[in-house]
Amino acid sequence: MSVQYGFLAVLTQGAAYGSQLQNEFLMRAAHRRTLNAGQVYSTLDRMVEQGLVESAGETDDGLPLYALTPAGTTEATAWLTSGPTDARPDWDEMQDQVLVAASIAGADAAAVVADYRAAFAERIRELTHEADSRALLAANRAAELGARAAIEWLDEVAATLAAHPAALVQPRSPERPRRGRKPAAAG
């Protein structure tokens, strides 16, 4: 889901085509190495079906542009201003959301960081109360250490954001990706 929400976040900066969204997302979520082009376009197709994005015309060379719908704007805003509400946050989703939110002007990355920190702290609290066997104790300890590492990273991001609120904000890249999916021929 974080790819979909990452695309919605990038689209808050204006209409874009598939390869442009792919490049912007990867530039902002730098821990990711690749994003399959098939995943990009299947995600965009799903977002159109869900009513989150719509056609915004096409580029001069015929690549379809996508823009947020009002529902997409609502979803993007929620993702850019708050973290998870459960106590089982995912490390990769956390990195995607925190890094993308920190890169978008107008997002509340500090709130996203605080929500993730609270979720990981709650996870640690749960884990320390669940251990009732040696095997469970070992598994819980590994999960606890992972949660503590997440909190340490989140604290570093929070400190960076507090010291330099716009340090991670990135405008859309002026470079145009070379690839893109041409619209299917009308049949």
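A: Helices (H or I, at least four residues) and strands (E, at least two) are DSSP runs, numbered from the N terminus. The model here is predicted: local features need pLDDT of at least 70, side-chain atom pairs count only at pLDDT 80 or more, and totals for chains, interfaces and linings use all residues. Residues are numbered from 1 along each chain as its sequence is written, and side-chain values use heavy atoms, leaving out hydrogens and water.

Q: How many helices and strands does the protein have? What pattern do they follow along the sequence?
A: There are seven helices and two strands. Read along the sequence, the order is α-α-α-β-β-α-α-α-α.

Q: Which residues have the most contacts inside the largest nonpolar core?
A: A nonpolar core joins buried Ala, Val, Leu, Ile, Met, Phe, Trp, Tyr and Cys residues through side-chain atoms within 4.5 Å. The largest one here has 43 residues, and F7, L8, M94, V98, F120 and L154 have the most contacts inside it.

Q: Take L154. What is L154 in contact with, leaving aside neighbours within four places in sequence?
A: Contact means heavy atoms within 4.5 Å. With those neighbours set aside, L154 touches M94, V98, V113, Y116, R117 and F120. Now widen the view to the whole protein. Among contacts between residues at least 6 apart in sequence, 67% join residues at least 24 apart.

Q: How many aromatic pairs does the structure hold?
A: A pair of aromatic rings is described by the distance of the centres and the angle of the planes. Rings of Phe, Tyr and Trp (its six-membered ring) pair with centres within 6.5 Å; planes under 30 degrees apart are stacked, over 60 edge-to-face, the rest tilted. The structure holds three such pairs. Start with F7 and F25: their ring centres are 6.0 Å apart and their planes stand at 90°, so this pair is edge-to-face. F7 sits in helix α1 and F25 in helix α2, so the pair ties together parts 18 residues apart in sequence.

Q: Are F7 and F25 buried or exposed?
A: F7 is buried, at 0% relative accessible area. F25 is buried as well, at 0%.

Q: What geometry do the rings of W91 and W153 have?
A: The ring centres of W91 and W153 are 6.5 Å apart with planes at 45°, so this pair is tilted. The pair links distant parts of the chain, with W91 in helix α5 and W153 in helix α7, 62 residues apart. W91 is partly exposed, with a relative accessible area of 34%.

Q: Next, charges. How many salt bridges does the structure hold?
A: Side chains of opposite charge can pair when their charged atoms come close. The cut-off is a side-chain nitrogen of Lys or Arg within 4 Å of a carboxyl oxygen of Asp or Glu. The structure holds seven salt bridges. One of them joins R28 and E24, with the closest N and O atoms 2.8 Å apart. Both residues lie in helix α2, four residues apart, about one turn of the helix. R28 is buried, and E24 is too.

Q: Which residue forms a salt bridge with E122? Where do the two lie?
A: E122 bridges to R125, and their closest N and O atoms are 2.6 Å apart. Both are in helix α6, three residues apart, about one turn of the helix. E122 is partly exposed at 28% relative accessibility. R125 is also partly exposed, at 43%.

Q: Where is E126 found?
A: E126 belongs to helix α6 (residues 109–130). E126 is partly exposed, with a relative accessible area of 21%. The C-alpha atoms of E126 and R88 are separated by 9.9 Å, and the two residues are 38 apart along the chain.

Notes:
Buried < 20%, exposed > 50% of the residue type's maximum accessible area, 1.4 Å probe, protein only.
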